[in-house]
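I set out to look up the salt bridges in this structure. My notes are kept in the order in which I made them.

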Amino acid sequence: MKNSKLIWILLSLFTLAIIAGCGGGASNKPVNVNIATATTGGVYYPLGNAMAQLFNQKISNIKSSAQATAGTPQNILLMQKKEAEVAFAQNGVAYYAYNGQEMFKDKPAKFLRGITNLYPNVMHIVVRADSGITSIKQLTGKKFVPGAVGSATEINSKEILGQYGLDYKEKKNIKVDYLGYSEAADALKDGHVDAILIAGGIPTAAVLDAATSIKVRVLGIEPDMMQKLTKEMPWYYEVIIPKGTYAGQSEDVRTVAVANLLVVREDLSSDMVYQMTKAIHENQPTLVTAHKAATDIKLQDAYKGMTVPMHPGAEKYYKEKGVAK
């Protein structure tokens, strides 16, 4: 009888050891973190790659990588399908997604949570300098690149051109060619299109590329249109592209920008998101080496333009630093 009890105890301990061993192995498995960005010619992609490398260096038990995408709408859909954990997003599109409006009417993204505001996404409407086009209203009948299909830039194009009565969705008074940033710059250089819209930090690679190959003009937004646009869609705000930013740009250009956000799925652990938030804000100079736009990532501006709830892990970090709302 005693031997039977001893055997039962030993078997039980052996079983528990196996279970504990399996559990320990599972906990040590790195967590995959995919960062959804945008096309390679913008700012999201190089900055996302830098963030992925930073996370891998500063956070234990993580395997992070960046993915090129069509931009914010696709990023949110990837998160919805649990194919991305972190994403770059324009705040206006994030607002639509979280509240189930516009293209997200049938699939609201209530899982979206914020990590931080990043930098302004500045709208660059660019034409060839020899085109004679000096105003957006002159794009009537022209061929225009609004961005890649389903991208946030394409949404920006629809909203901004709409203020001028230009409607390419209904094929009324402007022709379009859907292209990513690099392809758009090439099409402008080759004379295949008349104008392109590039949304990104200052400076943006695709605009730099076009401006160094041909003479270009960056179009401004007139004061009355600026007032109308920012009143109807308050996530837009006025910014200036300083003269000399691009080759041949002899004057300041008044345009609009939206806030770029770094967002995350709500199901990521608070500790993981805390570590991500800490890594970004405490290693900002490293991100600046990837792109100058990261200069605008500031701790005190973390909540600026945030149109979705902040993740508790990020909020914990901001409370420690005294910047939480």
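The entries below record which charged side chains pair and where they lie.

Entry one. I note at the outset that this is a predicted model. I looked up the number of salt bridges, and the count comes to 12.

Entry two. I examined Asp267 and Lys82, whose side chains meet in a salt bridge with an N to O distance of 3.4 Å. Asp267 lies in the loop between strand E10 (253-265) and helix H9 (270-282), and Lys82 in the loop between helix H3 (72-80) and strand E3 (86-90), so the pair ties together parts that are 185 residues apart in sequence. I found Asp267 to be partly exposed, at a relative accessible area of 42%, while Lys82 counts as exposed at 56%. I also recorded that Lys82 and Asp267 belong to a network of salt bridges that links them with Glu85 and Arg265.

I turned to Lys228 and Glu232, which form a salt bridge at 3.7 Å, N to O. Both residues lie in helix H8 (residues 223-232), four residues apart, and are thus separated by about one helical turn. Lys228 is partly exposed at 37%, and Glu232 is likewise partly exposed, at 48%.

Glu282 lies in helix H9 and Lys321 in the segment after helix H11 (312-320), so the pair ties together parts that are 39 residues apart in sequence. Glu282 is partly exposed, with a relative accessibility of 38%, and Lys321 is partly exposed at 43%.

Definitions and conventions: Residues are numbered from 1 along each chain as its sequence is written. This is a predicted model: local features need pLDDT of at least 70, side-chain atom pairs count only at pLDDT 80 or more; totals for chains, interfaces and linings use all residues. Side-chain values use heavy atoms; hydrogens and water are left out. A salt bridge is a side-chain nitrogen of Lys or Arg within 4 Å of a carboxyl oxygen of Asp or Glu. Helices (H or I, at least four residues) and strands (E, at least two) are DSSP runs, numbered from the N terminus. Buried means under 20% relative accessible area, exposed over 50%, partly exposed in between (1.4 Å probe, protein chains only).
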